[in-house]
Amino acid sequence: MKLEPTELYTKCKTVKEKDYKEVFAYGLAISQWIKTKKAYAVAANQLGSKYRLMVAHRRYKKLGLPTDIFINPEFSIGPEAERIIWGESCLSYPGVQFEILRWSHVELSYYDPREKEDKKYFLEGLPAIIAQHEITHLNGENEEELSFSVEVAALMEKKNIKIEEARQIIIKEEGK
Ligand SMILES: [Zn+2]
């Protein structure tokens with residue numbers, strides 16, 4: 001399954017400092033757009049842009065995110081991180097639920113255009129998942145999400161088990 005735009009399958013390069021202002025303006029426009037959507041956040045390449053930009057819904061504080069506009073977001077695996085599987089949905093795949101292998105804790109680094117500085121922020125739980133989901137988009141890695149979803153579904157059917165049990169089996173397999 002391949003969805004438009006093609007930018008969704010292309011790794012978004014780091015935004016250069018000279019372009020921060022332009023990308024911030026674009027981020028503000030996206031934040032208006034996303035207000036009306038049932039989504040936590042969006043990666044700019046989901047909208048056909050090549051900018052390495054993530055914009056969170058205005059509820060970002062309630063979601064546990066430090067701000068709403070993230071330029072050049074990257075994550076590294078947090079010190080207490082464990083492998084977890086999270087059920088996720090996505091604006092680019094309406095009506096589909098993905099079971100995706102994630103890290104429980106991450107350190108998010110980004111440029112904050114509101115405060116005009118590079119920042120780092122530790123995240124766990126839902127905000128950590130949101131960051132990983134959008135950065136996965138920005139890295140152009142989408143098929144991976146889909147195949148994992150298929151894997152969980154196949155295991156549930158094969159063993160006649162519930163989703164939680166299938167998640168645990170896959171986590172154990174992954175750890176070997
Ligand atoms: Zn998505």
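Visitor: Let me start with one residue. Which residues does Val55 touch, leaving aside those up to four places away in sequence?

Guide: Val55 touches Gly27, Ile30, Ser31, Ile34, Ala41, Val42, Asp68 and Ile69. Keep in mind that this is a predicted model. One of those contacts is also a strand pairing: Ile69, in strand 3, is the bridge partner of Val55.

Visitor: How many bridges join strand 2 to strand 3, and which way do the two run?

Guide: Strand 2 (residues 53–56) and strand 3 (residues 69–77) run antiparallel and are joined by three bridges. Strand 3 also pairs with strand 6, again antiparallel, through five bridges. There, Ile77 stands opposite Val106 in strand 6.

Visitor: What is the strand order of the open sheet?

Guide: The order is 1-2-3-6-7, five strands with antiparallel pairing. Strand 1 (41–43) and strand 7 (117–124) are the edge strands, each pairing on one side only. Neighbouring strands are turned against each other by 35 degrees on average, with direction ignored.

Visitor: And how should I think about side chains along a strand?

Guide: The general idea is that in a regular strand the side chains alternate between the two faces of the sheet. Here, both helix 1 and helix 3 lie across strands, so let us look at each in turn.

Visitor: Which strands does helix 1 lie across?

Guide: Helix 1 (residues 20–34) lies across strand 1, strand 2, strand 3 and strand 6 (105–112), and runs at about 35 degrees to strand 2. Helix 1 has 15 residues and reaches 20 Å from its first C-alpha to its last, close to the 21 Å expected at 1.5 Å a residue.

Visitor: Which residues of helix 1 are buried, and which are exposed?

Guide: Val23, Gly27, Ile30 and Ile34 are buried. They are on the same side of helix 1 because they cover an arc of only 60 degrees around the axis. On the other side, Lys21, Glu22, Ala25, Ala29 and Gln32 are exposed. The cover over the buried residues of helix 1 includes strand 1, strand 2 and strand 3.

Visitor: Does helix 3 read the same way, or rather, how many of its residues are buried?

Guide: Eleven of the 13 residues of helix 3 are buried, so this helix is largely enclosed by the rest of the structure. Among the buried ones are Pro127, Ala128, Ile129, Ile130 and Ala131, as well as Gln132, His133 and Glu134. Helix 3 (residues 126–138) lies across strand 1, strand 2, strand 3, strand 6 and strand 7, at about 105 degrees to strand 3. From its first C-alpha to its last, helix 3 reaches 18 Å, close to the 18 Å expected at 1.5 Å a residue. Just after helix 3, Gly140 takes a positive phi of about 75 degrees.

Visitor: How do I read a nonpolar core?

Guide: In soluble globular proteins, nonpolar side chains tend to be buried together. In this model, the largest nonpolar core has 34 residues, and those with the most contacts inside it are Leu53, Val55, Ile71 and Ala131. Helix 1, strand 1, strand 2, strand 3, strand 6 and helix 3 each give two or more residues to this core. Helix 3 provides the largest share, six residues.

Visitor: Now the other end of the sheet. How many bridges join strand 6 to strand 7?

Guide: Eight bridges join this antiparallel pair. Ser109 has Lys120 in strand 7 as its bridge partner, while Asp112 has Glu117. The hairpin has four residues between the strands, and Lys116 takes a positive phi near 55 degrees in it.

Visitor: Pro113 is a loop residue there. Is it buried or exposed?

Guide: Pro113, in the loop between strand 6 and strand 7, counts as buried because it has 20 C-beta neighbours inside 10 Å. Not counting residues up to four places away in sequence, Pro113 touches Tyr20, Phe24, Gly27, Ile69 and Ile71. For a sense of distance, the C-alpha atoms of Pro113 and His137 are separated by 21 Å, and the two residues are 24 residues apart along the chain.

Notes
Residues numbered from 1 in each chain as written. Predicted model: local features only at pLDDT ≥ 70, side-chain atom pairs only at ≥ 80, totals over all residues. Pairing = 2+ DSSP bridges. Axes fitted to C-alpha atoms, helices over the stretch in contact; angles between N-to-C directions. Contact = placed C-beta atoms within 7 Å. Buried ≥ 20, exposed ≤ 12 C-beta atoms within 10 Å, placed from the backbone. Core = buried A, V, L, I, M, F, W, Y, C linked by C-beta atoms within 7 Å. Expected span 1.5 Å × (residues − 1). Arc of directions from axis to C-beta.
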